[in-house]
Amino acid sequence: RCFTCHQNGGTAASFSFGGSAVNADTVYQVVRGVDSNFLNYSTPENSRMLDYPANDTDGNHPAAGTLVGFDGSEDYNRILYWINYNAPNN
């Protein structure tokens with residue numbers, strides 16, 4: 001779901017998750033370093049990354065809240081699993 005905007009030609013193409021615009025290690029470092037609640041290791045289900053789009057404090061994403069159908073979806077569960085295992089760079 002993130003890739004829809006974060007791709008070349010998307011509304012967030014300046015921080016693309018694909019192609020040659022930004023490499024995977026850069027994306028990983030940004031995701032890991034956004035803020036202390038973006039990836040909440042003590043209670044992963046409260047991680048802001050799971051709030052789609054991620055409602056951040058600097059206005060990069062619209063304050064739309066969780067996308068209907070995202071909670072409990074395959075994408076949601078995959079991200080939650082990743083956070084539960086300390087968000088490895090893989």
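**Entry: serine 47.** I started with serine 47, which sits in the loop between helix 1 (24-33) and helix 2; helices here are DSSP runs of H or I with at least four residues, strands are E runs of at least two, and both are numbered from the N terminus. My ground rules: this is a predicted model, where local features need pLDDT of at least 70 and side-chain atom pairs count only at pLDDT 80 or more, while totals for chains, interfaces and linings use all residues. Residues are numbered from 1 along each chain as its sequence is written, and side-chain values use heavy atoms, with hydrogens and water left out.

Is serine 47 buried or exposed? I noted it as buried, because its relative accessible area is 4% (buried means under 20%, with a 1.4 Å probe and protein chains only).

Leaving aside residues up to four places away in sequence, I listed Asn37, Phe38, Leu39, Asn40 and Ile83 as what serine 47 touches (a contact means heavy atoms within 4.5 Å). A polar atom of the serine 47 side chain lies 2.7 Å from the backbone nitrogen of asparagine 40.

**Entry: tyrosine 76.** Next I went to helix 2 (residues 74-84), where tyrosine 76 lies. Tyrosine 76 counts as buried because its relative accessibility is 9%. Its C-alpha atom is 9.3 Å from that of aspartate 51, 25 residues apart along the chain.

**Entry: the whole protein.** Stepping back, I found two helices and zero strands. Of the 90 residues, 31% count as buried. Among contacts with a separation of 6 or more, 34% come from residues 24 or more positions apart.

Terms used
Buried means under 20% relative accessible area, exposed over 50%, partly exposed in between (1.4 Å probe, protein chains only). A polar contact is a pair of N or O atoms within 3.5 Å; within protein, one must be able to donate a hydrogen and the other to accept it, and residues adjacent in sequence count only if both atoms are side-chain atoms.
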